[in-house]
Amino acid sequence: MNKLKLILISFIFLISTAFALHKFYIGVFQIDYFKEKKSIQITTRLFIDDFEKVLHKKFNKHFYITTKDEVADANTYIEKYLQEKLKIKVNNKIQNFSFLLKEQEDNVLICYLKIKFSDKIKSLEITNNVLTEEFKEQQNLVHLNNNGNKKTLLFTNDNNNQKLNY
């Protein structure tokens with residue numbers, strides 16, 4: 001019986017440490033179109049440590065995002081990075097978004113972005129390369145809501161561009 005307990009405890013330890021040692025790379029993006037607000041609102045959720053690592057490599061600065069030591073112009077760099085790596089075309093026209101604000105929730109950085117848009121969405125094309133230059137395993141889930149028409153897309157290093165027609 002003691003041998004069985006030892007095997008069971010060893011198995012549980014092995015399984016739990018295997019999951020603890022393996023880091024996963026995922027970002028979650030929510031894109032909502034609100035015709036009455038004449039805007040497309042985007043919420044990004046990314047692990048802060050991964051995002052800081054990418055920003056540091058790109059801009060050669062330590063950002064210390066959402067800490068008392070955060071660089072004064074961190075939002076400008078964050079917006080610049082996201083503008084480069086997240087492209088949104090609506091009705092075959094590239095859209096620029098505004099960076100509204102950011103906040104931290106546990107170890108996740110949440111950024112709020114907005115596109116002014118008042119027409120009907122006929123097509124939506126998204127290119128999402130956020131964090132993929134550093135983390136080849138990075139996966140970005142994009143949840144879309146276009147006036148109640150909901151869809152979820154998965155973006156990877158090999159599949160970073162997708163188009164929807166409405």
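Mentor: The model before us is a predicted one. In it, Ile-31, Tyr-33, Ile-40, Ile-121, Leu-124, Leu-144, Asn-145, Asn-146 and Tyr-166 line the largest cavity. Two elements, β1 (26–34) and β8 (139–146), each give two or more residues to that lining.

Trainee: Which element gives the largest share of the lining of the largest cavity?

Mentor: The lining includes Leu-144, Asn-145 and Asn-146, and β8 covers residues 139–146. The largest share is three residues, and the element that gives them is β8.

Trainee: What is the volume of the largest cavity?

Mentor: The structure holds one cavity of 30 Å³ or more. The volume of the largest cavity is about 50 Å³.

Trainee: Which strands are the edge strands of the six-stranded open sheet?

Mentor: The order in this sheet is β5-β6-β2-β1-β8-β9, and its pairing is mixed. An edge strand here pairs on one side only. The edge strands are β5 and β9 (149–155).

Trainee: In which sense do β1 and β8 pair, parallel or antiparallel?

Mentor: Strands of a sheet pair through backbone hydrogen bonds, in either a parallel or an antiparallel sense. Eight bridges join β1 and β8, and the sense of their pairing is parallel.

Trainee: Over how many bridges do β2 and β6 pair?

Mentor: Strand β2 spans residues 39–47 and strand β6 spans residues 108–116, and they pair in the antiparallel sense. As an example, Thr-44 has Cys-111 in β6 as its bridge partner. The number of bridges between β2 and β6 is nine.

Trainee: Which residue takes a positive phi in the hairpin of β5 and β6?

Mentor: Strand β5 (residues 98–105) pairs with β6 in the antiparallel sense over seven bridges, and Leu-101 stands opposite Tyr-112 in β6. The hairpin has two residues between the strands. The residue with a positive phi, near 55°, is Asp-106.

Trainee: Why is one side of each edge strand left without a neighbour in the four-stranded sheet?

Mentor: The order of this open sheet is β4-β3-β7-β10, with antiparallel pairing. Each edge strand has a single partner strand, so one side of each is left without a neighbour in the sheet; these strands are β4 (93–95) and β10 (161–165).

Trainee: Which residue in β4 is the bridge partner of Lys-89?

Mentor: Strand β3 (residues 86–90) runs antiparallel to β4, and three bridges join them. The bridge partner of Lys-89 in β4 is Ile-94.

Trainee: At about what angle does α3 run to β3?

Mentor: Helix α3 lies across β5 and β6, running at about 110° to β5. α3 also lies across β3 and β7 (123–128), and the angle at which α3 runs to β3 is about 55°.

Key
Residues numbered from 1 in each chain as written. Predicted model: local features only at pLDDT ≥ 70, side-chain atom pairs only at ≥ 80, totals over all residues. Heavy atoms only, no water. Pairing = 2+ DSSP bridges. 1 Å grid on protein atoms, 1.4 Å probe; cavity = no way out; pocket = protein on both sides within 12 Å on 5 of 7 lines; lining within 4 Å. Points joined across faces, edges and corners; volume = space filled by probe spheres on them. Contact = heavy atoms within 4.5 Å. Axes fitted to C-alpha atoms, helices over the stretch in contact; angles between N-to-C directions.
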